[in-house]
Amino acid sequence: MRRQLRSRRAPAFPYGYRYRLDDQDEVNQNYLADEEEEAEEAQVLVVPDLEEEEEKEEEERSQGQPIGNAWWQKLQIMIEYLWDPERRISLAQTGLILFIYFFFYASLAAVITLCMYMLFLTISPYMPTFTERVKTPGVMIRPFAHSLNFNFNVSEPDTWQHYVISLNGFLQGYNDSLQEEMNVDCPPGQYFIQDGNEDEDKKACQFKRSFLKNCSGLEDPTFGYATGQPCILLKMNRIVGFRPELGDPVKVSCKVQRGDEDDIRSINYYPESASFDLRYYPYYGKLTHVNYTSPLVAMHFTDVVKNQAVPVQCQLKGKGIINDVISDHFVGRVIFTLNIET
Amino acid sequence: MSRKTLEIYSVELDGTKDTKQTDQEDDKKYNDLDLKKSHQKEELKRELDLDDHKLTSEELEQKYGTNIITGLSSARAAEHLARDGPNTLSPPKQTPEIIKFLKQMVGGFSILLWIGAVLCWIAYGIQYVNDKSASLDSVYLGVVLALVVILTGIFAYYQEAKSTNIMASFSKMIPQEALVIRDSEKKVIPAEQLVVGDIVEIKGGDQIPADIRLLSSQGCKVDNSSLTGESEPQPRSAEFTHENPLETKNIGFYSTTCLEGTATGVVINTGDRTVIGRIASLASGVGSEKTPIATEIEHFVHIVAGVAVSVGLLFFIIAVSLKYQVLDSIIFLIGIIVANVPEGLLATVTVTLSLTAKRMAKKNCLVKNLEAVETLGSTSIICSDKTGTLTQNRMAVAHLWFDNQIFMADTSENQLNQAFDQSSGTWASLSKIIALCNRAEFRPGQENIPIMKKVVVGDASETALLKFSEVILGDVMEIRKRNRKVAEIPFNSTNKFQLSIHETEDPEDKHFLVVMKGAPERILERCSTIMINGQEQPLGKSNATAFHTAYMELGGLGERVLGFCHLYLPEDEFPESYPFDVDAMNFPTSNLCFVGLLSMIDPPRSTVPDAVAKCRSAGIKVIMVTGDHPITAKAVAKSVGVISASSETVEDIARRCSIAVEQVNKRDARAAVVTGMELKDMAPEQLDEILANYSEIVFARTSPQQKLIIVEGCQRQDAVVAVTGDGVNDSPALKKADIGIAMGIAGSDAAKNAADMVLLDDNFASIVTGVEEGRLIFDNLKKTIAYTLTKNIAELCPFLIYIIVGLPLPIGTITLLFIDLGTDIIPSIALAYEKAESDIMNRKPRHKKKDRLVNHQLAIYSYLHIGLMQALGAFLVYFTVYAQQGFWPTSLINLRVRWEKDELNDVEDSYGQEWTRYQRKYLEWTGYTAFFVGIMVQQIADLIIRKTRRNSIFQQGLFRNKVIWVGIASQIIIALILSYGLGSVTALSFTMLRPQYWFVAIPHAILIWVYDEVRKLFIRRYPGSWWDKNMYY
């Protein structure tokens, strides 16, 4: 092994030496081409000498090296490749360029990381910096499955079963037991204001599934879909710090959006006030207000014209609530169609 | 002479043949051309069958239905005018306007944008089939893209049309008039209203207004140089002297000049049917080369379009394989294409070029073809005509020899500084001979015009002598009046002298004075005495030797030498009433007194030597191509520096070392004088060798065809060749050259039509200005393109991130268009006003194939360095907006699908708040605006760093180019208007951005600036290093 090492190292000198000489030779040939033939000859003499030496070395090497040792040969080729005098410079350059690019992009990554870090220094994790885009709450309904058109046939459970499943799933978080366990029963009719540090965990008020009575799915596990009296839950979008103005709770009212007012003859709201109680406000944000449960208003469409699409618009009513933005059909209102077939 | 004329014909025809060989790629187009050409050739042949010169006056009258005395009637003339059209050369056939316009519509990036637009509509079509209420967004986008293409197309078309109009108005600037006999009246009418059969009168100084058959002539001589390139005056008379219409004396050709005398003739051909008209239209068949800048822009368009299409398709495939719908993928594709294509750039380039064209027009370079603005900058060889371009195109007295001494005369444009000794008595005699033995006269009515600018009737040498003596002696006409001429023998080629006999000034003195001038050796033969210091001495051997030395010396300078002698006739033999008879020569014409020699040359323009030196230091080879004699050519070449003082030709070396020319090592000579005769026997390889090996070349005695061969030889060396010329015979070479430069004053219309550029002052020095401007514009275009390309990455990244990471779209396609066609336009034009970084006239011309406008360094540095930094900066603004509104960057990942679902109206943000679709959409638009502002702010930094490529901005001066600041202001103002003014227009998807967001990207902008300064610092510090090689664009 020692011998191998030596023999490997030995040509390193002549290699470089030869390379230098070659170089010089070339230069000489360029500049002194027709001047001194003697000098040229002399150099020609030097070079073969070196080549001979090198050949000997190579012979030695191949003799001393048993043929089957593949990894060693591979390494040799690799090293020769890396030290190939003709390619050395270009390789080194490529390497350098790669390194520079790596360095450059690493620096850029560092810069952007730093910027992001600084950005987060300015942002509170509890309270959005700006809330003007969601000043007034949007409205959403459940069950929701890709579409706001409720088409189902009372006599074909397959057509409404997914609504029931969706509602059941949604209401799991509202189960009385869960609510009682996690959340406090806070006094109704007033804001549930929790002073104290921003980073303190906040308590959440209970909103029990049972508040929804006939639409809770407890008594009627089909939420009225089986009888053609579907329950639809209405949820107001959460907004950090939102308080219905002047202590008036936000009410919900639904009616036919376009067409005959009498298409919907009666709607039952649960809770009966058809409003979102003040105790569920304000919302303190996801981080501290972990168990916050969005209040719901259930609309029980007990008597709706069958076998025709009825467009329904449910609006929030209350001070400071905006429900007539033309461009946004979901701020303060929600529009959906009921098409109940019997 | 007549043979020469014939040669011109073969020239034009051969000229087209030559191009045929080089342009073989274009087969189909070529065949058409060929057809046209052979057709033209046919016509030309028929023209050669012209027999008007053989007809008698009566036959002519009959043939053209005219009357030699009364001329045509006005009615008849109007009839002919309606039949034949006006007597003007029709400009070369132009591509129909609609084709030009359509070319603009599909050229460059337009095709990509069209594809984008069509894809938009297809996408809408698919959407519509699936869902009848599909949003019209993609239709609008398609319409906007189409509008962009159409508007930029219209703009480019307008720009081009405008620059063509400059030319059109230019040719209208020089109205020509003709004196014509109609309705038995002499009338002056515009030459273009001449018709066949008109009887016109021409006189010395006039341009012949059409091809005419002379009916009578009094000493008429014409200069056929615009036809043949030879400016030797040729006599014209009414006699039929040769079968060939081109050689006979009784036909005058359109656009040639009548030098002296008067003549009357009948118009036999007008407009395009004239001989010149035919040659001109033939020349227009020579295909002109594509301009270097057009090649460069094409190259650039290919690069960008290649990137756009490949990135687009790559991400289309990625999107499809990421299970995006094909429809969405198409929309991504459109976004990527729009982001990649610098929509405004080509319009910007056009504006930049036309700005430079305007600037050049102010400096007397009128650019016909906008792209030619840059061509001059990449020119590496100028093949310059001698006469008129390098020289003043007039004869002027250069040297005098009297009293055994050579004196130098001032040959500058105004000649006011005549510093030679005028006290000698010999000069008094000589000056008298010069003034008297001269038939040239000033045209009357020019009292207030400086002498040099006065129009003279007479040939070039006589004009020179007249002006020379007018400058020195004062009113020559007055002197001639005092010395009344009693007899005269005009110059003719057999006796080679001119003689006149005058009364003397002194009324008491009844001597007659015989003055004579002519070829020096002939004059000397007739002399027996010589005047030295005012004293007449016998002409001894030593004097004769002195004469010969002087004659040889002046002749060796390439000057035209004239000898002067005089004789006072004895009063007794020749009394006052003596009847001198020039035909009988009843007076002595020998044993005169030799007074002196005078040599004339067409002097170089005073600005030329300096300009040639500048060209040389700018690495441009100046080759002189002239029809003149080699000795004259070489002398002029030496005096203007085309052959520099230190270089020698092979012949010079041979003479210096007293060895045979063959023995000289050709490598020792830097200069070469090649005559047309030598050129004729040369193989193209030999010509290539000469062009490659000698840095200073003069081609003398060349025919116009050879001029074309020389141009092609230069082009074989990958050189960008500029050719100057003025005659019709030059037009093929002008056309063939990469940039043909015609002379505005001396140039013929055919030359101007064939040229890309017109020098309004005929001054070679203007070319240097043009070169400088051309180089500057190339550098500045580089900067403009670098500036424009940079933001492409910042525009592209949002789409790529959007597809891969699923962020809400950071910037909309329409918003991108507002950057490309809004905020970025004025700044990129402003870069055209940037001053040169270093002395651009001290570097070599760029290599046509190696120094590209957009090289990989530029692309890499713009795309992967600055572009990426910009993208990061813009993303920072975008993230800031979203984070401060509630969506932290982490929450944005993969939010795309839920974000864009219209029915989903309670998407939760990082704070647990729920957003309706419209609220999200509004936030998205705010994000667009933020991203837009981020790019805009960093483009300001980009604009500043692009001011220089090597120097520090502080070396260049931050405030020197005021237009840059106008550009920056425009960027900011447009952005402010878009955000705050149009923030409420939802279709544009801009929103009012909080003021603080405008400043988020500023640190990044500063970072870009600093980074670029560091780059430039290393480039300056380590020239030639790999950094320099890779980072300098």
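B:Asp906 and A:Arg142 make a salt bridge, with their closest N and O atoms 2.9 Å apart. A salt bridge here is a side-chain nitrogen of Lys or Arg within 4 Å of a carboxyl oxygen of Asp or Glu. B:Asp906 sits in the loop between helix H33 (896-900) and strand E27 (907-908) of chain B, and A:Arg142 sits in strand E1 (residues 139-142) of chain A, so this pair joins two chains. Side chains of opposite charge can pair when their charged atoms come close.

Keep in mind that this is a predicted model: local features need pLDDT of at least 70, side-chain atom pairs count only at pLDDT 80 or more, and totals for chains, interfaces and linings use all residues. Residues are numbered from 1 along each chain as its sequence is written, chains are lettered from A and ligands numbered from 1 in the order in which they are written, and side-chain values use heavy atoms, with hydrogens and water left out.

**Where the two chains meet**

- On the chain B side, 40 residues are in contact with 48 residues of chain A (contact means heavy atoms within 4.5 Å).
- The two chains bury about 3,900 Å² between them, and 63% of that is on carbon and sulfur atoms; buried area is the accessible area (1.4 Å probe) that two parts lose on being put together, summed over both.
- Which residues of chain B lose the most area to chain A? They are B:Tyr911, B:Glu914 and B:Trp1026, together 18% of what that side buries.
- Another salt bridge pairs the side chains of A:Lys286 and B:Glu908, at 3.6 Å from N to O.
- Several elements of chain B each supply at least two residues of the side that touches chain A, including helix H31 (856-885), helix H34 (917-945) and helix H37 (1002-1021). Helices (H or I, at least four residues) and strands (E, at least two) are DSSP runs, numbered from the N terminus.
- H31(B) gives the largest share of that side, twelve residues.
- By type, the chain B side divides into 20 nonpolar, 13 polar and seven charged residues. Ala, Val, Leu, Ile, Met, Phe, Trp, Tyr, Cys and Pro count as nonpolar, Asp, Glu, Lys and Arg as charged, and the others, Gly among them, as polar.

- The complex gets an ipTM of 0.76 and a pTM of 0.77 from the predictor.
- Chain A averages a pLDDT of 77, with 75% of the residues scoring at least 70 (pLDDT is the predictor's confidence in each residue, from 0 to 100).
- In chain A, confidence is lowest in helix H2 (residues 12-31), at a mean of 40, and highest in strand E3 (residues 231-236), at 92.
- For chain B, the mean pLDDT is 83, and 91% of its residues reach 70 or more.
- Over residues 1-48 of chain B, though, the pLDDT is below 50.

**Stretches listed as transmembrane**

- An unreviewed UniProt entry lists residues 96-120 of chain A as "transmembrane region"; such annotations may be inferred rather than shown by experiment.
- In the model that span is 100% helix and 0% strand, with end C-alpha atoms 36 Å apart.
- For chain B, the unreviewed UniProt entry lists several such stretches, among them residues 300-324 and 964-983.
- Residues 300-324 of chain B are 88% helix, and their end C-alpha atoms are 32 Å apart.

- Most residues other than glycine have a negative phi, and most peptide bonds are trans.
- A cis peptide bond joins A:Tyr270 and A:Pro271, with omega about -10°.
- Another cis peptide bond links A:Tyr281 and A:Pro282, with omega about -5°.
- A:Lys213 has a positive phi of about 50° although it is not a glycine.
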